[in-house]
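The sequence and the structure are shown first.

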Amino acid sequence: SETRVINSGTNLTKYKRFTDKGWLSINIIDIDLKDKNTSIGVLTSSNGLQTFQDVKAMAKNKENCIAAINADFFNGTSKKGNIIGMTIEDGKMLTSTYYENEVKDVLASFVLNEDDEVTFDYFTNKITLTNLNNDEVIGVSEMNKWSSNYEYPVLYTREWGEYSLGSTEELVLTELVVKDNKVVEVRYNQEPVEIPEYGFVISTLGNVAEAITKSFKKGNKVELDIDIALDMDKVKVAVSGGALLVKDGEVCQFTHNITGSNPRTAIGVSEDGTILYLITIDGRQVSSIGVTQSEFAEILIEKGIYTAMNLDGGGSTTMVARDLGNTEVTVQNSPSGGSLRSVPNAIAIFNTEKTAELNKLVIEVDEVNVFVGCEKELVVKGYDKYYNPVEIDAQKIKWSYSGVPVSIDDNILIGGEIAGTSKITATIGNATASINIDV
């Protein structure tokens, strides 16, 4: 195992394990939820909820994102798809709960409130729109998702994209446009309409479409109500996944089971609720064969995780993190498809402090061994006391060494005439870093 610091409240530990089935590569990020410099958030595609991006691209689009993992399962593809479960960001519902949860517990959700308290549970919601002029009530089936049957109304907000679905030759819709809690327009069999910034569009057909046309008129005041067993205003982040893997330190009876040894992603919490964990295990590779859900749960318990939820796995399993001194995140695991898959959302960690003055340095080198008389490039990066990257002037670096002789010029190290170990130190003002190089 190898552990490295990402910021004041966050660490990444990489494990290599040999089992009777083969090798496993396990990555675990632990986050101190009480750390004032760290916050948890959700990432979605910059092009709207109906499109997907890979986790690295999503993280690059968000300032101060220092780590992230893929999150919910999805329907469709990156060209036309949607998040399956619930997504809430800063008290606003972006996508509704999984519809089958109304009948039985299937897909669980992770919730973090404004007091940094973690909840894992199975949620359902009831969404209604009431016309305050005549008390007509319309039930909404889902929010910001594609539907196979628009006789069950679907609500779209600006997070879905700039425009509504509109009608096609195959799909003749009635669309109710609402802005600032007032009906703007009732549209029948028309092209897509711009979704109001402070409003929404409800798309439907059949009996509900007839009821809307009859009972909702331009200028009517309306009220949207989302009934869910959560205090929505206090929710910072909520993301759905698969089954609960672990509850109260015990392996769960899975409500949703993807069988076989596969790459896996999960999110969990410590017994005292103060440490959040983001976990990936690679699979379908010689270097890491993957695990079953039961094996995954057992590993999580072994690592001190008290309650945990399965997230989308397989080719979706992705972890990115920002190394000290770097400005961008890099991929930390080995995605089974050989490249990053586009996914609908991700759970992210942010460094909340603004960049301060240079505090420490880090030396990067592609290999800590160099032959006598040969060259090796040394790269120096800086970071502040909050672990934010700080740009440095390479010309100001002062180099020194102890051990076998080496020479360093313009950040190029040349091995001396004697084999052995040399401790190389870089200094700028009070900031230093050292690394051992074997000549």
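## Interior space

On a 1 Å grid over the protein atoms alone, a cavity is a set of points where a 1.4 Å probe fits but cannot get out, and lining residues have an atom within 4 Å of a point. Grid points are joined across faces, edges and corners, and a volume is the space filled by probe spheres set on the points. The model is predicted, and local features need pLDDT of at least 70, side-chain atom pairs count only at pLDDT 80 or more, and totals for chains, interfaces and linings use all residues. Residues are numbered from 1 along each chain as its sequence is written, and side-chain values use heavy atoms, with hydrogens and water left out.

The largest cavity holds about 40 Å³ of space, and its lining consists of Thr97, Tyr98, Tyr99, Glu102, Asn125, Ser141 and Glu142. Two of the lining residues are nonpolar, three are polar and two are charged; in this scheme Ala, Val, Leu, Ile, Met, Phe, Trp, Tyr, Cys and Pro count as nonpolar, Asp, Glu, Lys and Arg as charged, and the others, Gly among them, as polar.

## Strand pairing

Helices (H or I, at least four residues) and strands (E, at least two) are DSSP runs, numbered from the N terminus, and two strands pair if DSSP finds at least two bridges between them.

Strand E24 (275–281) is largely enclosed by the rest of the structure, because six of its seven residues are buried, where buried means under 20% relative accessible area, exposed over 50%, and partly exposed in between (1.4 Å probe, protein chains only). E24 pairs with E3 in the antiparallel sense over seven bridges, and here Ile281 of E24 is the bridge partner of Ile26. Strand E23 (residues 264–269) also runs antiparallel to E24, joined to it by six bridges, and Leu276 in E24 is the bridge partner of Val269. The hairpin of E23 and E24 has five residues between the strands, and Gly273 takes a positive phi near 75° there.

In helix H2 (residues 206–215), the residues Ala209, Ile212 and Ser215 are buried. They lie on the same side of H2, because they cover an arc of only 150° around the axis, the arc being that of the directions from the helix axis to the C-beta atoms. Asn207, Glu210 and Lys214 are exposed on the other side of H2.

The buried residues of H2 pack against several strands, including strand E16 (174–179) and strand E17 (182–188); contact here means heavy atoms within 4.5 Å. E16 and E17 run antiparallel with six bridges between them, and Tyr188 in E17 is the bridge partner of Thr174. The two strands form a hairpin with two residues between them, and Asp180 in the turn has a positive phi of about 50°.

## Loop residues

Ala108, in the loop between strand E9 (92–95) and strand E10 (109–113), is buried, with a relative accessible area of 0%. Not counting residues up to four places away in sequence, Ala108 touches Asp121, Tyr122, Ser240, Gly241, Gly242, Leu244 and Met309. Asn37 lies in the loop between strand E3 (23–32) and E4 and is buried as well, with a relative accessible area of 7%. Beyond residues up to four places away in sequence, the contacts of Asn37 are Asn7, Ser8, Phe350, Asn351, Thr352, Glu353 and Tyr386.

Most residues other than glycine have a negative phi. Asp248, by contrast, has a positive phi near 55°; this residue is in the loop between strand E21 (244–247) and strand E22 (250–251) and is partly exposed, with a relative accessible area of 46%. Arg284 also has a positive phi, near 60°, and is placed in the loop between strand E24 (275–281) and helix H3 (293–302).

Definitions and conventions:
1 Å grid on protein atoms, 1.4 Å probe; cavity = no way out; pocket = protein on both sides within 12 Å on 5 of 7 lines; lining within 4 Å.
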